[in-house]
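Open the model in your viewer and keep the selection panel at hand. This tour goes stop by stop: what to select, then what is there.

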Amino acid sequence: MTSATTAALASEVSPEAQLERIAAIGYPTKRDEAWRYAPHAVLSRLSFGPAGAIDGGMLSEIDAQIPALDGPRIVVVNGVVDEARSDITALPVGLDLSTSGHRSGVADRRAVPPDSGGEPVADAFVALNVAFSGDGVSVHVAAGQHLDPPIHIVMVSTSAGTHNTSCSKLAIQIDAGGSATVVETKLGAGSEFGGANTRTTISMGDHATLEHIVVQDVPSTQVHLSRTEVTQGVGSELRARMFNLGATYGRLAYDVHLAGEGARADLSGLYFGSGDQTLDQQISVIHAAQNCTSRQAFRGVLDDESTGVFNGAIEVRPGADGTDAEQSNDNLLLSNRAAANTQPRLEILADDVACKHGATVGQLDDEAMYYLRTRGIAVDEARRLLINGFADQAVHDVGIEVLRTWITQRLGHDDE
Amino acid sequence: MLHVKNLTAAIGGTPILKGLDLDVGDGEVHAIMGPNGSGKSTFAHTLAGRDGYEVGGTVTLDAADLLVMTPEARAAAGVFIGFQYPVEIPGVNNMYFLRTALNSVRRARGETEIGARDFLAIAYEAMDLVEMKRDFLNRAVNAGFSGGEKKRNEILQMAVMQPRLAVLDETDSGLDIDALRVVASGVNALRGPERSMIVITHYQRLLEYIKPDFVHVLVDGRIVESGDHTLALRLEDEGYADFVNHELDHVPGRPMSGAPT
């Protein structure tokens, strides 16, 4: 693997300066809308620093978990590229995969995503990511290139070393007219408390197309904080599919900036909680240009004492006429101790805007249960059928069959 | 094969069935007719095992006590109910649902499960019976189906399940004449010496297509008159008015026996 630091990943902001910024920002609190349902006591136990040593034995359990997708794969463990588990031997024409290989010492950790240099950051975790992320992975699709096999980025977190939380970063750039599929799989190993703080920045040129699938399934002993920031050019099309499954606190933040006229963003997701999990979706779409279209369709299935959060924003900037935006959030509660918190936030500062949103929270349909049971299907099986039927909206259009099967099996569904 | 004795059912203390008696023999088709609110659907769902009723009396199917069984156990015992309002189940594939249903009852009976390929042959045969296109199997159960498609899907399920006793609750409601013909011919094809049917309907129209062996009139939670198919024609002419608020002074013979307690 090449370990050349690309220009795109370099930055002049020193770790020391970043730490000062973190101190100035402070940790989020319950008063921050975006962190209202986060378990703050748990977050306070996360410790950040340079990546620690990796327990090789602990990692063997990971191999069986990684979905076996065709195409190039980069595995990042605690922010450090694991070359043995990666496969970039046969890269298609038009794809550049690179990593910035500073492997040790705070002083070397200078690689940051391209746009984060002097910009204000969303919260302290972004600043921590900038300060402590290890190898940055960069995916670059050249103009006009259509890449068929998915590019698989696997981020593995283990609670090793003196700091229990690792930071990883990924930069995706699709140049004008290019198209690609990128799958981000977040997994973990070990049974210790720990966390991961990942950040993905995506830049889409004019008429670029990207399918971006994020699967989060780390162990329930871990915290997972995932953040994605997308900027879309004229006529570009983003299809994002998010599966928030693992972690004691699993957070998927996804911000889309529709900067070019006629850009389209289609976001959907599924969160599937049990035990005392909190699964948090923080979604934001900014319409900053005319005639852009956005869709947000998120579903939650919540069992036991789990909590689901959907905080979805549609912001229509002045002048963004012709905006067509829709948002829906539907929740299925399987237990009377489970909770769904749904909050649509619409800020519309343009005329000629079509904006729709809706949210539901419900339980398994008694009539449907009865119907299935009259067909001989026992209670447990009938529940499973109905739950998977509800989740299917988010799963069925994952085009990569291996991944769709992986997800349905994870949901406890053995349909063929 | 089915014996219903002094069956009562109430919801929240309000009695609906007030001592219903019915005997159904092997291979017989019984029609139950009655005005709205007489308890026809409640009777069907009491046989199928819906929650929420306070039930009394006895119901036996081939000597087994149905009333103590769960809905799924009744299905395994051979009871099938065709719903008046089939339930839409988005996201659940019709084929997967049908095979799960068939294999669930087979498992419960200690029979071997049917694999995907063999099941397809069973499903295709059943679909031909109700003139369904193959792509029905790949759609979600009843989701977005027209009224006629939903009822045909019920008969399709019945054909796959091959029940011992089929209870068809207002299968004709909401059907145009073409759909009615398809549904009725499907039902007729499934008639046989080993299968009994209870056909519940408000109108005589269905019985022009499915000729019953017996017709019963259900009023206010009791069967108040029984006869052959000519009783249905009489009802069509005279309506239910004669039976409503009208104490009968005689109890018709087979297959019902004295109702009032």
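In the hairpin of β1(B) and β2(B), which residue takes a positive phi? Select B:Gly12: its phi is positive, near 55 degrees, and the hairpin has two residues between its strands.

Before moving on, some ground rules. This is a predicted model, in which local features need pLDDT of at least 70 and side-chain atom pairs count only at pLDDT 80 or more, while totals for chains, interfaces and linings use all residues. Residues are numbered from 1 along each chain as its sequence is written, and chains are lettered from A and ligands numbered from 1 in the order in which they are written. Helices (H or I, at least four residues) and strands (E, at least two) are DSSP runs, numbered from the N terminus.

**Stop 1: the hairpin and its neighbour**

Stay in chain B. Select β1 (residues 2-11) and β2 (residues 14-24). They pair in the antiparallel sense over eight bridges; two strands count as paired if DSSP finds at least two bridges between them. Find B:Ile11, whose bridge partner in β2(B) is B:Thr14.

Look for B:Val4, which stands opposite B:Val59 in β4(B).

**Stop 2: an open sheet in chain B**

Which strand order does the open sheet of six strands have? Trace β6-β9-β10-β3-β11-β12 in chain B; the pairing is mixed. β6 (79-82) and β12 (222-227) of chain B stand at the edges, each with a single partner strand, so one side of each has no neighbour in the sheet. From one strand to the next, the twist averages 20 degrees.

Zoom in on β9 (residues 165-169) and β10 (residues 196-201) of chain B. These strands run parallel and are joined by five bridges. B:Leu165 stands opposite B:Ser196 in β10(B).

**Stop 3: helices of chain B**

Two packed helices are described by the angle between their axes and the distance between the axes. Here the axes are lines fitted to C-alpha atoms, for helices over the stretch in contact, and angles run from 0 to 180 degrees between N-to-C directions.

Select α3 (residues 94-108) and α5 (residues 147-161) of chain B. They pack at an angle of about 35 degrees, with their axes 10 Å apart. Their crossing is right-handed (the near helix is turned clockwise from the far one by less than a right angle). Residues are in contact if their C-beta atoms, placed from the backbone, lie within 7 Å. Show B:Leu98, B:Ala101, B:Leu102 and B:Val105 of α3(B) with B:Gln157, B:Val160 and B:Met161 of α5(B); these make the contact.

Residues in the contact include B:Ile122 and B:Ala126 of α4(B) and B:Leu156 of α5(B). By class, the contact has eight nonpolar, no polar and no charged residues (Ala, Val, Leu, Ile, Met, Phe, Trp, Tyr, Cys and Pro count as nonpolar, Asp, Glu, Lys and Arg as charged, and the others, Gly among them, as polar).

**Stop 4: chain A**

Switch to chain A and colour domain 1 (7-260) and domain 2 (366-416); such bounds come from an automatic or database domain assignment. Eleven residues of domain 1 are in contact with seven residues of domain 2. On the domain 1 side, β9 (209-216) and β11 (237-244) of chain A each supply at least two residues.

Next, select α5 (366-374) and α6 (379-395) of chain A. They pack at an angle of about 125 degrees, with axes 9 Å apart. That makes α5(A) oblique to α6(A). Among the contact residues are A:Met369 and A:Leu372 of α5(A) and A:Leu385 of α6(A).

**Stop 5: where the chains meet**

How many residues does each chain give to the contact? Chain A gives 20 and chain B gives 22. On the chain A side, α5(A) and α6(A) are the elements that give two or more residues. The largest share, eight residues, comes from α6(A). By class, the chain A side has eight nonpolar, five polar and seven charged residues.

How values were computed
Two residues are in contact if their C-beta atoms, placed from the backbone, lie within 7 Å. Angles under 35 degrees count as roughly parallel, over 145 as roughly antiparallel, 65 to 115 as roughly perpendicular and the rest as oblique.
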